[in-house]
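Dear colleague,

I am handing over the structure we spoke of, and would ask you to look through it alongside the notes that come with it.

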Amino acid sequence: MERHISTQDYILLLESILDHISESVYASSAVDDAIVFINKEAEITDGINREEVLGRTETEIYGTDNHHKVIVQGRPIVNEKTTYTTMEGNIKFVHHSVYPCLHRGEVKGSFSISKDISKVDNYISRIYQLQQELKGRDRQPSRNGTTYSLDSIIGKSLPMLKAIKAAQRASRFQTNVLICGETGTGKELFAQGIHNASAYKDEPFVGLNCAAIPENLLESTLFGAVKGAYTGAQSTPGLFEQAGKGTLFLDEIDSMPKSMQAKLLRAIQERRVRRIGGKEEIPVDCRIISATNVNIDEALQENMIRPDIYYRLASVVIEIPPLRERKGDGSLLTRHFIQRCRELFGTSIEDIDVEAEEVFTRYPWPGNVRELEHLIEHIVVLAGDDEKKITVRHLPEQMLSSVKKEIKIQPQKPKQMDLNVLIDDYERATILTALKENRGNISATAKNLNIHRNVLYSKMKRLHIEAPKRRS
């Protein structure tokens, strides 16, 4: 077709059109991935000017490589929701598509069209935050510091009924209990349930994650300190004293240093503690419930737990089964979480279809009940208003890949959120692992992950990772 305009004027016309649309547009060259064009909306959205980015790559500016992938693979990315961080450090939420630019079958470059939905996402996040606050009101700690009872436990499988029965019997005696179970199985729920079913339910329940407290603060946290014992020290009672005749819950007991285990053993044997810097022996009378997510036999063999303190703490041992061994409980929990989300958030999802439930049944749930709860909340909050059931297309690719060899899954039209779920799952697992390796120290974890601590806090908030409690 004959063009009645010069090539230069034609290009200026196209650039003018692109500068007046409400979506951000980027274009990159296939030669070196360099950005060759951005429009006005992109400058406004990302707080940049063209001179800053032209000639540089997407990876240099944003740390992402969508244009490069499209150029190399020759396949578009269509209508994807994603996030990135601008040069000013602002996190942006966008819906975008990236297309290859083809000429006679050869990829000459790529271009992206994206819509900033940060304000919408912030609005949704605020609503979600308010809903979480309302949710928290339904789970306000009682005067004794607990939230749950044994009646809060959902499960009818034989392994779970066995664990619940053991907890009920243990609650009748003021003896020490060791709870063993994988991460996310509900160990603290059992600990609180035992306390609230005991004759000492009106006494305090005091919890401590041993992995989240630095070794140099652990002794003062447990036993207390007197004023002047060390720089800045004030007279404070330790958790043993605070627990009174109630329960002291020590989670991740295997993370406690050996030197501290020896001091804990003496306190248990003598039923007395001495504050740091103090001379007085203070009698204590609390029950100790401890928990570990490692195999107890391996922990003893590898000297993670001293045998002498194990025998003191493990008067009663309760094994909480992982979700994959709780036949039928997965369906009960799934529907419980769906219904709870409907009540709290007013979401449209009412049930799960047969095919998706089969995937749930086959999936090993490495994060156990906690992973199931997070997944259900993620799906139902982001599902469309016209969707009534969880289907296979709502599930993350990671989950489908892990079970596809066992069951035949009918092809489904891909859902735009699948990649986002996978990224969230990976980030959540990485951050949780780093937090554990760094004993809950936020600064050390951020340094280990090579990100600013404020960015880490932001990610933890978005992924619903609770910050470790620090006590001094």
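The notes below go through salt bridges, aromatic pairs, backbone angles and a surface patch.

Please keep in mind that this is a predicted model, in which local features need pLDDT of at least 70 and side-chain atom pairs count only at pLDDT 80 or more, while totals for chains, interfaces and linings use all residues. Residues are numbered from 1 along each chain as its sequence is written, and side-chain values use heavy atoms, with hydrogens and water left out.

Salt bridges

The structure holds 19 salt bridges, a salt bridge being a side-chain nitrogen of Lys or Arg within 4 Å of a carboxyl oxygen of Asp or Glu. One of them joins Glu 373 to Arg 340, with the closest N and O atoms 2.3 Å apart; this pair links distant parts of the chain, since Glu 373 sits in helix α16 (residues 368-382) and Arg 340 in helix α14 (residues 329-345), 33 residues apart. Helices (H or I, at least four residues) and strands (E, at least two) are DSSP runs, numbered from the N terminus. Arg 340 also meets the side chain of Glu 377 in a salt bridge, at 3.4 Å from N to O, and because Glu 377 lies in helix α16 and Arg 340 in helix α14, that pair ties together parts 37 residues apart in sequence.

As for burial, the term buried stands for under 20% relative accessible area, exposed for over 50%, and partly exposed for what lies in between (1.4 Å probe, protein chains only). Glu 373 counts as buried at 17% relative accessibility, Arg 340 is buried with a relative accessible area of 11%, and Glu 377 is buried as well. In the salt bridge between Glu 350 and Arg 342, the closest N and O atoms are 4.0 Å apart; here Glu 350 is partly exposed, at 46%, and Arg 342 is partly exposed, at 28%. Asp 19, Glu 43 and Arg 50, for their part, are linked in a network of salt bridges.

Aromatic pairs and backbone

A search of the whole structure finds 7 aromatic pairs, where rings of Phe, Tyr and Trp (its six-membered ring) pair if their centres lie within 6.5 Å, and planes under 30 degrees apart count as stacked, over 60 as edge-to-face and the rest as tilted. The rings of Tyr 363 and Trp 365 have centres 4.8 Å apart and planes at 85°, so this pair is edge-to-face. Ring pairs link these two residues and Phe 360 into a cluster.

Trp 365 is found in the loop between α15 (354-362) and α16, where it is buried with a relative accessible area of 4%, and it has a positive phi of about 50° although it is not a glycine. Asp 33, in the loop between β1 (24-29) and β2 (35-38), likewise has a positive phi, near 65°.

Surface patch

Asp 297, Glu 298, Glu 302 and Glu 319 form a negative surface patch. Patches are made of residues with over 30% relative accessible area and no salt bridge, with like charges joined within 9 Å and nonpolar side chains (Val, Leu, Ile, Met, Phe, Trp, Tyr) within 5 Å. Glu 302 lies in the loop between α12 (296-301) and α13 (307-313), and is exposed, with a relative accessible area of 54%.

Technical notes. Areas by Shrake-Rupley, 256 points an atom, 1.4 Å probe, with all protein chains shown as cover. Lys, Arg positive; Asp, Glu negative; His and termini not counted. Charge placed at Lys NZ, Arg CZ, Asp CG, Glu CD.
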